[in-house]
Amino acid sequence: MRESILKLLQQNSRISNSEIAARLDVCEDEVKKCIDSLEEGGVIKGYTAVINDEALENSAVKAIIEVKVSPSRDGGFDPVAKKIAKFSQVSEVYLISGGYDLRLVVNGQTLNEVASFVARKLSTIDGVTSTRTHFLLKKYKQANMILHEDEDFERLKITP
Amino acid sequence: MDYNKFIAQHIQELPKSGIRKFFDLVNLMDNVISLGVGEPDFATPWEIREAAIYSLEKGHTSYTSNLGLLSLRKEICRYLKDEDFNVEYNPVDECIITVGVSEALDLALRALINIGDEVIYHEPCYVSYNAEIKMAHGVPVKIETNIDNEFSLDAKQIAEKITPKTKAIILNFPCNPTGATLNNEQMTEISKLAVEHDLIVLTDEIYSELTYEERLPSIASYPGMRERTIFLHGFSKAYAMTGFRVGFACGPKELIDAMMKIHQYTMLCASITSQEAALEALRNSKKSMLMMKNEYMQRRNYFVKRFNEMGLRCYKPRGSFYLFVEVTSTKLSSLDFAEKLLEEERVAVVPGTAFGSCGEGFVRCCYAMSLEEIKVATDRIERFVKNMKD
Ligand SMILES: Cc1ncc(COP(=O)(O)O)c(C=O)c1O
């Protein structure tokens, strides 16, 4: 049940407890209890909306930034990563394998704003050895949702 | 010109599918939410569509052998052996790829039936069985299943219908339109009966993956059954591939060979694009299939709850994606219920009588619809039922 609930919330975080209960054929109380425990246990950290920025009038600028870090003897990559995560401009931070160490998503109102964040804040952090900034041009799919609409195709209304 | 003198007698006598008539009615209206479909709302999983495109790109646009691509037949036989069906066939001569289960059923009946042979089937059922038997010059013998045992089928119901002319029984579980399945005891008893009376069993297992409660292996795996079973299955439902028109039959090689004769002269082979897509479905789409199945199951749960809350009796179907809902409490016949609901609330359901006369008092609602649509549809049905009862 835990897994089914998580899956449903991931598809639609606004789904009601009563719909979850009906879908899974359990009572609403059980659903509530389960979600409470997932929240308390830190499995569910929050609920957000998937927003297609392009549909907004003044859409913001997003950049994906690759960061190379020289790890510290005590904490490895953690101290630098945690420090970077504190900036409000940074919406995602991942430690990854491959050619670089951290992958960030950084948001700003303008290109300049992001560029100056990289130059003044990010690059100057102790342990950050290099950065590469990729500005995001277009989003096609986010949070499992395809952002462009396909042409409607209507199936027959009555079939055997 | 009097065309009737040209049209074959037995075709003239064949009624048009009850679904067809209702379809014409629905098509005249706008803003209809239709629960009258018999196919998935999902488009075919992308990896399968992509495989079909790739097949075209490579220029695979020829005929295949009459039996179908050996690679697909091998994959099917592996699937039937490994995955829940528990029955083994030789891909070389015990499996034929067809244009849907529709064609497989037609081949099987035409291969088996001499004029006047009786074929037993259970109603309410898929609209084609009765007509297919007649087109093969057989005599359809129906068993009426009922809601008291959740539209399931006991061997003794079959036994009552067996005569010296009985040649075969058609089984369809999980069942369209009722969602019924058979339990182990029923399958065991039916198997014994088939062996005892030396009958062929045609088992249409097109909804087998879409079983939401305990899933039993195919009846072909029961003692004495493999040699007398023609197993019919396809990709339309579980893999959301109705438009690809691809299915298959497995059985003893003598029977498959007889079916192959008709197939080679009438259809030649199934589309190679569809066959290659089907191959991808079996190889790499289990996850997509299970995702769809899980969604159907949740919609079923929601749907059953809503119907029971509004006072329409509806047992929980164990398989397929249909709900067979009893509407007698509204004092309306199936057809009146369906027509009035369509007129007043713009929701289309299929009158139970389209699936046999014992479907009177029921309507079929399909839950291969998004839950949003199901919600709106059930809200409208609820209002309709309330008005009828007031
Ligand atoms: C029980 C049953 N058998 C066969 C079919 C036809 O399937 P296919 O698309 O494989 O021809 C259907 C389709 O509705 C069905 O419900």
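## A positive phi in chain A

In this predicted model, A:Asp25 sits in the loop that runs between helix 2 (17-24) and helix 3 (28-40) of chain A. Its backbone is worth a look: phi of A:Asp25 is near 60°, a positive value in a residue other than glycine. Most residues other than glycine have a negative phi.

## Another one in chain B

B:Phe151 also has a phi near 60°, again a positive value in a residue other than glycine. You'll find B:Phe151 in the loop between strand 4 (139-144) and helix 7 (155-159) of chain B. With a relative accessibility of 1%, B:Phe151 falls under the 20% cut-off and therefore counts as buried.

## Two cis peptide bonds

Most peptide bonds are trans. The bond joining B:Glu123 and B:Pro124, though, is cis, with omega at about -5°. B:Pro124 belongs to the loop between strand 3 (118-123) and helix 6 (128-135) of chain B.

There's a cis bond between B:Phe173 and B:Pro174 as well, and here omega is about -10°. B:Pro174 is in the loop between strand 5 (166-171) and helix 8 (184-196) of chain B.

## Around the ligand

Which chains supply the residues around the ligand? Both A and B do, so the site is shared between chains. The ligand has 14 residues around it, and the closest are B:Val101, B:Ser102, B:Asp204, B:Ser236 and B:Lys237. By type, the shell splits into 6 nonpolar, 5 polar and 3 charged residues. Helix 5 (residues 100-112) of chain B gives the most to this shell, namely 3 residues. As for the space the ligand takes up, that's the second largest pocket.

B:Ser102 places a polar side-chain atom 2.6 Å from an oxygen atom of the ligand. In the side chain of B:Lys237, an N or O atom is 2.6 Å from a ligand oxygen. For B:Arg245, the distance from a side-chain N or O atom to an oxygen atom of the ligand is 2.7 Å. On its own the ligand has 400 Å² of accessible area, and the protein covers 96% of that.

## A methionine in helix 11

B:Met291 is part of helix 11 (residues 286-309) of chain B. Its relative accessibility is 46%, which means B:Met291 counts as partly exposed. Between B:Met291 and B:Leu332 there are 41 residues of separation in sequence and 37 Å in space, C-alpha to C-alpha.

Note on methods:
Residues numbered from 1 in each chain as written. Chains lettered and ligands numbered in written order. Predicted model: local features only at pLDDT ≥ 70, side-chain atom pairs only at ≥ 80, totals over all residues. Heavy atoms only, no water. Near = heavy atom within 4 Å. Polar contact = N/O pair within 3.5 Å; in protein donor to acceptor, adjacent residues only side chain to side chain. Areas by Shrake-Rupley, 256 points an atom, 1.4 Å probe, with all protein chains shown as cover. 1 Å grid on protein atoms, 1.4 Å probe; cavity = no way out; pocket = protein on both sides within 12 Å on 5 of 7 lines; lining within 4 Å. Sits in = over half its atoms within 2 Å of the grid points. Helix = DSSP H or I, 4+ residues; strand = E, 2+ residues; numbered from the N terminus. Nonpolar A, V, L, I, M, F, W, Y, C, P; charged D, E, K, R; others polar. Buried < 20%, exposed > 50% of the residue type's maximum accessible area, 1.4 Å probe, protein only.
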